[in-house]
Amino acid sequence: MQLHRFWWIPLFFALSVNLKAQKITYQPIYEAALSNPNALFELPALNNDSLMQAEQSQRRPGRPNYFAQAITTNLSPENAGSWNKLKNGDLVWSLSIRSPNARSLNLGFDQFLLPPSANLYLYSGDFNTRIGPLTAHDNEEHLAWWSPMIAGKVLHLQLRIKSAELPQLRLRLRRINHDFANFATTNTDNCFLDTGCGTEDGWTIVEKYKDQIRSVVLITIEGIRACTAFLINNTANDCRPYFLSAFHCDVTPSDAPSVVVYWNYQNSYCRQPGTVASGNPGNGSLNNFNTGATYRAGYQPSDFVLLELDDPIPSSSQAYFAGWSREATPPQDTVVCVHHPDGAEKRISFAFNDTYPGIWGNGNQEVPNGNHLIVPDWSVGSTEVGSSGAPLFNKQGRIVGQLHG
C-alpha cells in the first residue's frame with residue numbers, strides 16, 4: 001500500500017452480555033397504504049460508477065470524503081404521499097421513496113416540528129430496519145432533522161397523528177441522499193489494525209487505549225460526506241457532549257444540524273494487518289447513532305471544529321470523554337491515532353518515534369513554534385481519506401491534536 005509519510009495534526013495550546021443474532025421484521029402502522037401508487041415518490045436513476053469515478057478524481061488531502069449524491073426535494077404531507085384514517089380517527093400519512101441503484105438512502109428535513117401525538121417512523125424497503133418512533137422530543141430549535149443511512153434503494157415513511165393536531169404539524173423533506181459508494185462495504189488498504197485486537201491476538205499495546213477508542217466516532221455531514229470525530233472532556237467535567245473534528249470536513253453553523261454521529265462502528269473480531277481480510281469490509285453496525293449538533297467554534301489555520309450534540313448520548317454507546325494535554329512540547333516516543341479510514345470500521349495506528357512542530361503546506365520540514373505536529377512515519381497502520389478529524393493521543397492517552405491531512 002502507499003503510506004502517508006507524515007501526518008499533520010494541529011496542537012492544542014489552550015484549553016457483557018452474549019446475545020443471539022435474530023432477524024426482526026417491523027410492521028408498519030398501515031401496510032396497505034404503502035402499496036398505494038400515490039404514496040410512491042420515484043427518483044431518476046443515477047449512474048453509481050460515474051459518480052464514484054468523479055468523486056475519486058477529486059479526492060486529496062485536506063478534502064472530506066463524499067459517498068452520496070444530494071437530491072433536493074420539496075416533499076411534505078401537503079403535496080406528496082397518501083393519507084388514511086384509522087378506526088379510532090387517527091390519521092396516517094405514508095410516503096415511499098425509491099432511488100434506483102442506491103446502496104443506501106438518508107434524509108434531511110428542514111422543517112421538522114411534530115405535535116405531541118405524532119409518531120414518525122422510517123423503514124427500510126424490506127422492513128427489517130426501523131427508525132422511530134420520532135416524537136415531539138426530537139424537535140429542535142433549528143427545526144431540522146437528519147436521518148442515519150438506511151440500506152437499500154427504497155425507504156418508507158409513516159406518520160401517525162391525531163386529526164385535531166394536524167394544523168400544528170410542520171414536516172418538509174428537503175434532501176434525499178443517494179449512496180453511490182456503497183458506504184457500509186468500504187474496502188481499505190490492508191495495513192490497518194482493528195480496534196478490537198488485543199492481547200489474545202498479539203496486540204497487548206492496544207489494551208492500554210481501550211477507553212480512548214470509545215471516544216472516537218464516525219460522522220456524516222449533510223448525509224453526503226464522512227469524517228472522524230471524537231468526544232472530548234472539558235474542565236467543568238460535566239459530560240457536555242462536545243466533539244472535535246477537522247475544519248476541512250466543512251461543518252458550518254448552518255449545516256451542523258445535519259451531523260449524524262455513529263457510535264462503535266467497528267469490527268467485532270481482530271483482522272491482522274497485511275491480510276486480505278484487513279482490507280475487506282468488516283461487520284460493523286451503523287445502528288447506534290445521534291443526530292444533530294450545534295456549532296460551537298472553529299479555526300481554519302489549525303483545522304479544528306468544535307460541535308455539541310443536540311441530544312444526550314445513548315447509554316448503549318458506552319462513550320468515553322477523552323482527556324487532553326496543552327503541553328507545548330511535542331510528544332515523544334509513542335503517539336496513537338484512532339480513526340475511520342475511508343469511513344470504514346474503526347482502526348488504531350501507532351508511531352514509535354518523536355513528533356515535531358511544522359506548518360501546513362511546508363511538507364515534513366520542522367518549523368519551530370509551528371501550529372501543527374508532524375508524525376514522520378507510522379510504525380503500525382496509517383491514515384486515509386475519511387480519517388480526517390481523528391484524535392492523536394500521546395503515550396499517556398491524552399489528546400494532543402486532530403488529523404488535518
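Select C197 and C270 to begin: the torsion about their S-S bond is about 90 degrees, so this disulfide is right-handed, a disulfide being a pair of cysteine sulfur atoms within 2.5 Å. C197 lies in the loop between β14 (193–194) and α2 (204–207) and C270 in the loop between β18 (260–262) and α4 (276–279), so the bond ties together parts that are 73 residues apart in sequence; here helices (H or I, at least four residues) and strands (E, at least two) are DSSP runs, numbered from the N terminus. The S to S distance of this pair is 2.0 Å.

The model is predicted, so local features need pLDDT of at least 70 and side-chain atom pairs count only at pLDDT 80 or more, whereas totals for chains, interfaces and linings use all residues. Residues are numbered from 1 along each chain as its sequence is written, and side-chain values use heavy atoms, with hydrogens and water left out.

Now colour by accessibility, where buried means under 20% relative accessible area, exposed over 50% and partly exposed in between (1.4 Å probe, protein chains only). C197 is buried at 0%, and C270 is buried at 17%.

Next, select C227 and C249, whose sulfurs are joined at 2.0 Å with a torsion of about -105 degrees, so that this disulfide is left-handed. C227 sits in strand β16 (residues 225–231) and C249 in the loop between β17 (242–246) and β18, 22 residues apart; both cysteines are buried.

With the bonded cysteines numbered in sequence order, the pairing reads 1-4, 2-3. Finally, select C337, which is in no disulfide and has the sulfur of C191 as its nearest cysteine sulfur, 12 Å away.
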